[in-house]
Amino acid sequence: MWEFLRNPLPGLGPEALLLLGLGPVFLAFIAWEAWRTRGKGLYSVGDTANNAFLALSHQTVDALAWSALIGVYFWVHQYRAWDVPLTAASGLLLFLGQDFLYYWFHRASHRVRWLWAAHVVHHSSERLNFSTAFRQSLMYPVAGMWVFWLPLALVGFDPHHILLIVSANLAYQFFVHTQAVGRLGPLEWVFNTPSHHRAHHARNPRYIDRNYGGVLIVWDRLFGTFSPEVDAEPPDYGIRRQIHTDNPLRTIFHEWTAMLRDVMRPGSLRMRLAHLWRPPEWQRPEP
Ligand SMILES: [Zn+2]
Ligand SMILES: [Zn+2]
């Protein structure tokens, strides 16, 4: 915990510099895509403004949350199995370990309603473009996304390196949110690509709960959750029950309130609480 006191704003460490440095690149890609696809309805003012609000609110809350959570990471790091120095090999291991954990975080985010309540924000747009990458919920620190990287601190990776690799993974994923790039040949075998991620954002039955990978798609191929984008079935973007809104507050909180409404309905406590960890579409059997 002392590290937190010595360094109270680690949100401004290398991971924040990475995202700040890439900020102009992200904006340039959004401007390029919006110009290139003008007249095709890929962007709308309301949707893009909503994404911008969600991006800023998420980044602000995330930076504040990490300034406290890094203390938790250093506390856990005391009990590490090894001291891992930063080398090319350990950096590669950290990348693979974090991307593997990202797969399970993302899979859980679709199959556990408590986590879906935060993640649904990213999926609730009926459009897909580079700006969708920033459509994120400020509720992630409450949902507990940060818990998923704790095993890396127990192994012995430096918490600041963990935070850096988490940011780098998310920065990579910006580039897969586009309809302007087709398929990328052999890269499609190993990496999460725009094509794979378009399928992930689609609500067609064949694409639901597929392609959870962050940087690598090999985890989906290994664990049976991969689906290619099929030309005969273009992605229909959004969620099962579309919310049709550009209101950021409704976008952020609609699933939390729906979940709480379900929990409050009469029934045994065990069945009511099951709404928190069961899949989002689960319905309680009527008594
Ligand atoms: Zn997702
Ligand atoms: Zn996405």
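**Stop 1: the bend in helix H3**

Select Ser67, where H3 bends by about 35°. The model on display is a predicted one. Now extend the selection to residues 45-77, the 33 residues of helix H3. From its first C-alpha to its last, H3 reaches 45 Å, close to the 48 Å expected at 1.5 Å a residue.

Next, colour the buried positions of H3. These are Thr48, Asn50, Asn51, Leu54, His58, Asp62, Trp66, Leu69, Ile70, Tyr73, Phe74 and His77.

**Stop 2: helices H5 and H12**

Two packed helices are described by the angle between their axes and the distance between the axes. To display the contact, show Arg113, Trp116, Ala117, Val120 and Val121 on H5, together with Thr251, Ile252, Glu255, Trp256 and Met259 on H12.

**Stop 3**

Is His244 buried or exposed? His244 is exposed, because 9 other C-beta atoms lie within 10 Å, and a residue with 12 or fewer falls in that class. Then inspect the backbone: His244 has a positive phi of about 45°, although it is not a glycine. Most residues other than glycine have a negative phi.

**Stop 4: the loop between H10 and H11**

Select Asn211, which lies in the loop between helix H10 (194-200) and helix H11 (218-223). What is the phi of Asn211? The angle is positive, at about 60°, although Asn211 is not a glycine. As to its surroundings, Asn211 counts as buried because it has 26 C-beta neighbours inside 10 Å, where the class requires 20 or more.

**Stop 5: Tyr172 in helix H8**

Finally, select residues 159-174, which form helix H8, and pick out Tyr172 within it. Tyr172 has 14 C-beta neighbours inside 10 Å and therefore counts as partly exposed.

How values were computed:
Residues are numbered from 1 along each chain as its sequence is written. Chains are lettered from A and ligands numbered from 1 in the order in which they are written. This is a predicted model: local features need pLDDT of at least 70, side-chain atom pairs count only at pLDDT 80 or more; totals for chains, interfaces and linings use all residues. Helices (H or I, at least four residues) and strands (E, at least two) are DSSP runs, numbered from the N terminus. The expected span of a helix is 1.5 Å times one less than its number of residues. The bend at a residue is the angle between axes fitted to the seven residues ending there and the seven starting there. Two residues are in contact if their C-beta atoms, placed from the backbone, lie within 7 Å.
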